[in-house]
Every structure is written in C-alpha cells, then in structure tokens.
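Hi everyone, thanks for coming along.

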Amino acid sequence: IDDLDFFPDLSVVEHLDLLARAHGVLDPDPVVDALLAEVQLVAQSGQLPSTLSSGQSRRLALATAFVRPKRLLVLDEPVQGVDVAGQAELYSLITRLRDRHGCGVLMVSHDLHLVMSTTDQVVCLNRHVCCSGHPEQVSGDPAFVELFGKNAQSLAIYHHHHDHAHDLHGAVVDDPATPHTHVHGDSCKHG
C-alpha cells in the first residue's frame with residue numbers, strides 16, 4: 001500500500017476498522033487494537049494518515065495488510081523512504097507479524113544488508129533467477145559474486161547479535177528476564 005492508497009478522510013483507527021470489516025473480520029475492535037499496539041501507532045490512532053511520518057505510514061501500511069485474513073503477504077519495497085534504523089525495525093516488525101499471524105511473506109527489496117540478514121530464503125534476480133537459497137548460501141554463489149563483486153559476501157551478510165532490542169527510535173528496550181551484557185562502542189548512539 002502506498003500513502004496515496006489511504007482513505008484521506010479516515011483516521012488511522014477508522015481506516016483499519018473499515019478494512020477489517022470489508023474483509024469479513026467478525027469482531028474487528030480487538031484485532032485493530034492489537035495491531036495498533038503491535039505497530040506502535042496507538043498514540044496516532046486518531047490522526048489522519050497524511051499527518052504520519054514516513055515510518056509511521058509504513059507501519060500503517062503493514063497494519064492494513066495484517067488486519068485482513070491472509071496466508072501469503074506480498075510486500076514490494078516495504079521500507080522505502082524510511083531511515084536505516086527505521087528499516088531495521090520495520091523488518092523486525094514484519095517478522096514478528098509474520099510469526100504471530102502464521103503467514104508467508106514474499107518481499108521485494110533492494111536493501112541487500114537487511115534482506116540478507118532478515119530473511120529465510122533469498123531469490124536474486126537480474127532479468128532472470130541468478131541464484132536462490134539461504135542468505136549465507138546465496139552470498140557465496142558465483143552468480144551473486146559476479147553480480148555484486150568480489151566483496152559480495154562481506155557486503156551481504158550482516159549479523160548484529162545482542163541480548164536486547166531497539167524501539168523505532170533506536171533506544172534499547174531490555175528484556176527484564178535477560179541481563180544486558182552487550183557493550184556499545186563510543187560511537188554508538190543508542191545506549
């Protein structure tokens with residue numbers, strides 16, 4: 001969904017409620033409320049979509065997709081127009097929503113680092129299928145290396161392991177059950 005596809009006179013919550021009802025969701029209120037919380041748009045639920053930031057608009061677009069019954073969700077450039085920290089959070093949100101709703105996700109993206117670090121399977125296209133498989137397998141495939149150069153493997157796979165998560169603004173959100181042991185460098189700005 002692009003920003004132009006939002007109903008301009010409906011608030012965020014009204015938009016989601018309408019879509020849920022149109023797609024046959026029997027009791028839309030708890031579904032909409034849960035999605036608003038999950039995509040962190042509760043505070044913006046009364047706003048018009050045109051007043052949202054680009055990251056908030058992308059989260060609303062995801063909510064509109066997940067408010068409908070589905071087995072497969074097709075996303076085309078779902079993080080377009082969002083800063084890097086917001087992109088990582090949106091990919092994480094897509095994964096959480098996918099897991100919670102039990103549906104498959106087919107995603108088109110040019111964000112190589114994020115695709116390779118957040119997906120289960122990758123299909124690399126360049127007017128034909130160049131290679132496919134698990135991200136680590138694809139990053140070493142000769143066709144992938146030919147397409148992206150000799151440093152393709154280091155370019156593609158980025159793993160950032162730590163014992164906490166980040167919210168949409170980059171702040172650390174600790175799990176109280178897990179002690180925070182990740183050490184950030186001096187140049188790190190998220191705590």
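Predicted model: local features only at pLDDT ≥ 70, side-chain atom pairs only at ≥ 80, totals over all residues.

Residues are numbered from 1 along each chain as its sequence is written, and side-chain values use heavy atoms, with hydrogens and water left out.

So what does the chain contain? There are 8 helices and 6 strands. Helices here are DSSP runs of H or I with at least four residues, strands are runs of E with at least two, and both are numbered from the N terminus. Along the sequence, the pattern reads α-α-α-β-α-β-α-β-β-α-α-α-β-β.

Of the 191 residues in the chain, 37% are buried. Buried means under 20% relative accessible area, exposed means over 50%, and partly exposed is in between, using a 1.4 Å probe and protein chains only. Contact means heavy atoms within 4.5 Å. Among the contacts in the chain with a separation of 6 or more, 48% join residues 24 or more positions apart.

Now let's look inside. In soluble globular proteins, nonpolar side chains tend to be buried together. We call such a set a nonpolar core: buried Ala, Val, Leu, Ile, Met, Phe, Trp, Tyr and Cys residues joined through side-chain atoms within 4.5 Å. The largest one here has 39 residues, and the members touching the most others are Leu16, Leu60, Leu62, Phe66, Leu97 and Phe144. Elements giving two or more residues to this core include α1 (12–22), α2 (28–38), β1 (72–76) and α4 (84–101). Which element gives the most? That is α3, with 6 residues. Take Leu60 as an example: leaving out residues up to four places away in sequence, Leu60 touches Phe6, Val12, Leu16, Leu41, Pro49 and Leu52.

Two of those partners, Val12 and Leu16, are among the buried residues of α1, along with His15, Asp17, Leu19 and Ala20. The cover over the buried residues of α1 includes α2 and α3.

How do α1 and α2 pack? Their axes are 10 Å apart, at an angle of about 130 degrees. That makes α1 oblique to α2. For these angles, under 35 degrees is roughly parallel, over 145 roughly antiparallel, 65 to 115 roughly perpendicular, and the rest oblique. The axes are lines fitted to C-alpha atoms over the stretch in contact, and angles run from 0 to 180 degrees between N-to-C directions. On the α1 side, Val12, Val13, Leu16, Asp17, Ala20 and Arg21 meet Pro28, Asp29, Val32 and Leu36 of α2.

Is Ser11 buried or exposed? At 7% relative accessibility, Ser11 counts as buried. Beyond its neighbours within four places in sequence, Ser11 contacts Ser45, Gly46, Gln47, Leu48 and Pro49.

Last, some backbone angles. Most residues other than glycine have a negative phi. Gln40, in the loop between α2 and α3, has a positive phi of about 55 degrees although it is not a glycine. Gln40 is partly exposed, at 36% relative accessibility. Arg127 also is not a glycine, yet has a positive phi of about 70 degrees. Arg127 lies in the loop between β3 and β4, and counts as exposed at 88% relative accessibility.
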